[in-house]
Amino acid sequence: MKKSGAEKKRVRRSSAAVQNGNRDPNSDTPPRKQSAKKDVFQLFAEKVRDHKALVSRWAVLQETRVEYFRGKDFVSFLKNHPEVKDILESNKNFEVEEIANSLLRKNLLVRCDRVVKTVRPGKKKLSTWPAHLEIFPDQVFSENDAFFAWTFVKRRPLWQTLLSFFWPVLTLAICLFPVYPHRCKLLILYLCAGALLLILSLLLLRATVFGALYIVLGKRVWFFPNILAEEATLRELFRFWPKKDEEERPKWTTRLFYAVVAVLVILLLRHHAPDEAARARYQKRMSNIIDDVLEWSPRLALSGMMEKQQTVVNATESNDSFADESKTNSEQFENEVLGNTEDMDQPQHQDHI
């Protein structure tokens, strides 16, 4: 027996009512909007990564630079800042291990391990923050010598966006340096020379302090320890306080050897240092382009152009006068030649008559 159109409509309405009855009554948003809503664990991961209380470093993971943290630091961070769990909403009562395992399952984190697993000669223990990592086979949370790297791209701050627009402008400004006014050139020259002098002085000061403390106290102290690091962030680059010395204390024989070498180098440099007269003679022999830039001025350039132009005018006038004189001399010579010819031809004509 076939159903009529009205009965089919009733069946459809009843099935739709059953589906609406099975839907969660507490949710007022439609299914499409619920699926488009961002994952709470993603929001939690972004919040934790941007938080300054979680200690993290940068390292190389399979030729990729990643930001990572230690498992024990993650545990202490959530214990000291339990308000961060409020982002998880219904999952905020999870334990630290459950939250970390959820982040691992959602590929927001990846567990890593240090590449160098043996203690290097001269050190007592492994490095606290290794510079090179590899993926750990068992992707389970642990706080005992375990490292975890973020896998998602961090939101770019405003200053990085502005800096990306600033680099092309800076490149164009460098290309237009030859057409700058003279004062701008001098300003840029002094700034670059000052920055270079500051960097060299800082490196020399670091080496001097390190050598003095190494020889006298037997300690290795590097101020601004990350100034020559290739994989340091801007915040880590200007960190003044040095790291703790994790290596063994050097022997007194080694310290004495380096002290003798330092004294010999100082005496050698002092003995071969040039005096003021030698420096002046060397400066006269060498042509420095920086001195030309410093001594140049628009007035001198204009006076030089005027002198050059006057020289060209004088040379032109002398050439013109020389041409006039040569022309006059040639005309006189031609007249004399023609006159002599006429005098020679005249008597012959009379004899013929």
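**Ground rules.** I am working with a predicted model, where local features need pLDDT of at least 70 and side-chain atom pairs count only at pLDDT 80 or more, while totals for chains, interfaces and linings use all residues. Residues are numbered from 1 along each chain as its sequence is written, and side-chain values use heavy atoms, with hydrogens and water left out.

**Confidence.** I looked up pLDDT, the predictor's confidence in each residue, from 0 to 100. The protein chain averages 76, and 67% of the residues score at least 70. Confidence is highest in strand 5, at 94, and lowest in helix 1 (residues 5-22), at a mean of 43. Residues 6-36 have a pLDDT below 50, and beyond near neighbours in sequence this stretch has four contacts in the model. For residues 348-353 the pLDDT is also below 50, and there I found zero such contacts. Contact here means heavy atoms within 4.5 Å.

**Whole chain.** I count twelve helices and five strands; these are DSSP runs, numbered from the N terminus, with helices being H or I of at least four residues and strands E of at least two. Among contacts between residues at least 6 apart in sequence, 62% join residues at least 24 apart.

In what order do the five strands close into a barrel? I read 1-2-5-3-4, with mixed pairing. Neighbouring strands of this sheet are turned by 55 degrees against each other on average, direction ignored. Strand 3 (residues 109-114) pairs with strand 5 in the antiparallel sense over four bridges; pairing needs at least two bridges found by DSSP. Arg 111 stands opposite Phe 148 in strand 5. Helix 4 packs on the sheet, touching strand 2 and strand 5, and its direction makes about 65 degrees with that of strand 2.

**Helix 3.** Is helix 3 mostly covered or mostly open? Covered: eight of the eleven residues in helix 3 (residues 40-50) are buried. Among them are Phe 41, Phe 44, Ala 45 and Val 48. Their cover includes strand 1 (57-61), strand 2 (65-70), helix 4 (71-80), helix 5 (96-105) and strand 5 (147-150).

I then checked one partner. The axes of helix 3 and helix 5 come within 11 Å and cross at roughly 105 degrees, which makes helix 3 roughly perpendicular to helix 5. Axes are lines fitted to C-alpha atoms, for helices over the stretch in contact, with angles from 0 to 180 degrees between N-to-C directions; 65 to 115 counts as roughly perpendicular, under 35 as roughly parallel, over 145 as roughly antiparallel and the rest as oblique. Phe 41, Phe 44 and Ala 45 in helix 3 meet Ile 99, Ser 102 and Leu 103 in helix 5.

Val 40 has a relative accessible area of 14%, so I log it as buried. Leaving aside neighbours within four places in sequence, Val 40 is in contact with Ile 87, Leu 88, Glu 89 and Asn 91. The C-alpha atoms of Val 40 and Ile 87 are separated by 6.4 Å, though the two are 47 residues apart along the chain. Gln 42 counts as buried because its relative accessibility is 18%.

How values were computed. Buried means under 20% relative accessible area, exposed over 50%, partly exposed in between (1.4 Å probe, protein chains only).
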